[in-house]
Amino acid sequence: MNQWTREARYRPLSDVDPSVYQAMKEEVRTSPWRFSYHIQPPTGLLNDPNGFVYHDGLYHLFYQWFPLGPVHGLKYWYHMTSKDLVHWFDEGAALIPNDDPDSHGAYSGSGFIKDDQVHIMYTGNKRDADWNRHTSQIVGRLRSDGRIEKHLPPAIPDVPEGYTEHFRDPKVFQDASGTWYCIIGAQRSDLTGCTVLYQSQDAEQWTFLGELRTNNPTFGYMWECPDYFELDGKGVLLFSPQGIEPDDTNYQNIFQSGYFIGEPLALPDLTFTHASFRELDFGFDFYAPQTTEAADGRRILVGWMGLPDISYPSDIYNWAHALTLPRELSIEDGHLYQRPVRELTNLRKETLFNETRLFDQEVAIPEAEAFELVMTDLSFSSESLRFSIRQDATEETVFEYDVASRQFTVDRSRSGAEVPAETFGTSRSIILAKDLHTLRLFVDCSSFELFLNDGEAVASGRIFPKTSSRGIHFSSQTMAHLSLFDLS
């Protein structure tokens, strides 16, 4: 479909001939840059992770899905399950936008456990004849057949006074007394962003409490995908503010995702005392993260490895985007550390390299397309560490660390086919708080996820090299233990 008219974007999948859709699935399945071990859509566009929750031995993870092409249109929720956060089972579309309150899309929301069952709360999107938006917040329950049963009419049918219809993405949580709360991303009538809270005794009937008071009353024009939780004795608010201007090396993407850390909320009091905003990921492609609590109490985060309003080379094959690998969160040195979940070592199929030595351009590193690279015990006999991956004569993605300044830079200017969002720059940098001592890099067929200093800093990005670009090359002298694992 080349002409993405309004009609084409809001055509339900049920109106498409099954043979036509099957041909689209086959086109996507055989297209370039499909992932080896990330969650990706069977067709069309994937965006925000939704409904992430653990129940009765299974992790449930949904994502926003437009099935008919790599654009934003009529959104469904697509359902994945896993026992280990590594191997995911495809459960198909679970939430279908086929009722009046969600007639133009089932937008983002969260999962929660009530009465020993998985429930969700999401934003229903409806447009009137003049294309004016109306949003409502709808509760539903996951049935045994894998579909979401909606509890209609909506639990929160209207937007409170003082806010626009950009009012969405409810995240439900419960306090120690059993009271339910949901936090919603909002835009005030003066076109500034914030979050608001509701309270409930049964997670069905909700009372508006008001706006969460923060130290940043005018910070962007919309706060999307809020997520509040408590961790290591602190309160944490994740959100994705839109409309933040670049500041030195910060806020370089079209939209940002980050967090406040502060004292736990004393709900229903709505004052949040917190430190300054920090970005979660200094890379190119990260947005709309959501967390859940694991069976053993860990706080696990998954994000959308993509951004709104950006085109990607895979678009021509009728698909776009993926979810990040799950990350374990902890609070250290006053900010969030993010580590790949420990279960991800189960992805390792073969050890390709495992040595302690001096790395420079003479080291013969095996070539690979989908792999994990781990460097520990780093020490430097030169002014910098520089290495590249997915390399051939014309392509490479470069990682460089300046020892004196502790600045780490990722450069994807030569990473392959059309570089996404090139107008926003082709490199990203961060100043580390500590000298670089560990590095862990996950590379898939069209992505990388970089973890520095055991989770101090993280960078995610999409790259689109040729399949034959498989070189790994070091061009500065660094002593380290390096392990390379095949994940294909």
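**Charges over rings**

I then found the charged end of Arg-348 over the ring of Phe-485, 4.0 Å from its centre.

I note that this is a predicted model, in which local features need pLDDT of at least 70 and side-chain atom pairs count only at pLDDT 80 or more, while totals for chains, interfaces and linings use all residues. Residues are numbered from 1 along each chain as its sequence is written, and side-chain values use heavy atoms, with hydrogens and water left out.

**Ring pairs**

I noted 37 aromatic pairs in the structure, where rings of Phe, Tyr and Trp (its six-membered ring) pair if their centres lie within 6.5 Å, planes under 30 degrees apart being stacked, over 60 edge-to-face and the rest tilted. Tyr-10 and Trp-131 form an edge-to-face pair, 5.3 Å centre to centre with 80° between the planes. Tyr-10 lies in the loop between α1 (6-9) and α2 (18-29) and Trp-131 in the loop between β6 (117-127) and β7 (133-142), so the pair ties together parts 121 residues apart in sequence; helices (H or I, at least four residues) and strands (E, at least two) are DSSP runs, numbered from the N terminus.

I also recorded that ring pairs link Phe-284, Phe-353, Phe-359, Phe-387, Phe-399, Phe-448 and Phe-474 into a cluster.

Key:
A charge sits over a ring if NZ of Lys or CZ of Arg is within 6 Å of the ring centre and within 35 degrees of the ring normal.
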